[in-house]
Amino acid sequence: MARPGQIRFSAPARSALDAVAVCRRRCWDKAWVIDLDVSAFFDSVPWDLVVKAVRAHTDAAWVLLYVQRWLAAPLRLPDGTVRQRDRGTPQGSAVSPVLANLFLHYAFDMWLTWTFRGVQFERYADDAVIHCGSERQAREVLRAIDGRMRQVGLQLHPDKTQIVYCGRDRSRDDTVATSFTFLGFTFQRRGARDRNGNIFTSFLPAVSKAALKKMSAEVRSWRLHMHIGYTFDEFARWINPIVRGWMQYYGAFYKTELYPLLRRINYDLMRWVRKKFRRLRAFKKFHRRWKQITTAYPSYFAHWKWVRSIW
């Protein structure tokens, strides 16, 4: 317990990529996974249990008062109307993830650790994956979790919560799920290459289709080829921080799945070049100049580190 007036947070600093890396390693050790999804989590969290979780970390009256007032504050909708709430934490605020994480630490983490001591799991915010040694154990754990969520005022999503097989036996029943998505990465069996160059199959994460769709929509919204007044420097200052962030996160595992997106950016830059410079409208002239620039300045655009081609 924190001393009077102090707030104590003991959770170690861990990133989403740390959670994905641990999940990948454990999928190699355990053949069964529970892909957990809580329905409308941020809209359903009961206030009394949130305050109880905060009280376990501080006895500062002003902290508890502000948390209670913030939770009970009415929500103003885009049309100007005000909606009263009786549960949940508004998404988009800075404090909401902190309170949700505190709540789940007691409602899920500690409960699962004490109830099923041999079961490993990863949780980042409200996204969680549980590893089991058998299908029977996975079903037993899932039934218990469903009951626990109802006990704390939540409900598992009936369609998105699933038991997944991630082992090597390809003769498994086709009705059993063989992939799941965690923190923007889809885990499934993929081809890989060992240190000696030999190809094998392993259960690996790669950027999910939903994440790729969202990034592709943003690239399309840039309409790079329409910004004739821009220079290469201005383009680089604009898109490099965004693309570099995508590469650092989604390229941390199985980065080749990002290559089509990066080639799309190159394609849009090609359209811009051929539209801006008349002498390069002939494709052969353009391609020769493109190869010269990408070879001479490989770090000019962040994605040229991985992909310089257009097709």
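## Cysteines

The sulfur of Cys-23 has its closest cysteine sulfur in Cys-27, 4.1 Å away, which is too far for a bond. A disulfide here is a pair of cysteine sulfur atoms within 2.5 Å. Such a link is a covalent bond between the sulfur atoms of two cysteines. By this rule the count of disulfides is zero. Cys-132 is in no disulfide either. The nearest cysteine sulfur to Cys-132 belongs to Cys-166 and lies 9.9 Å away.

Cys-23 is buried, at 0% relative accessible area. Cys-132 is buried too, with 0% relative accessibility. Buried means under 20% relative accessible area, exposed means over 50%, and partly exposed is in between (1.4 Å probe, protein chains only).

## About the model

This is a predicted model, in which local features need pLDDT of at least 70 and side-chain atom pairs count only at pLDDT 80 or more, while totals for chains, interfaces and linings use all residues. Residues are numbered from 1 along each chain as its sequence is written, and side-chain values use heavy atoms, leaving out hydrogens and water.

## Positive phi in loops

Ala-40 is not a glycine, yet its phi is positive, about 45°. Ala-40 sits in the loop between β1 (32-36) and α2 (41-44). Helices (H or I, at least four residues) and strands (E, at least two) are DSSP runs, numbered from the N terminus. Ala-40 counts as partly exposed, because its relative accessibility is 44%.

Arg-223 is a residue other than glycine with a positive phi, near 50°. Its place is the loop between α7 (209-222) and α8 (232-250). At 43% relative accessibility, Arg-223 is partly exposed.
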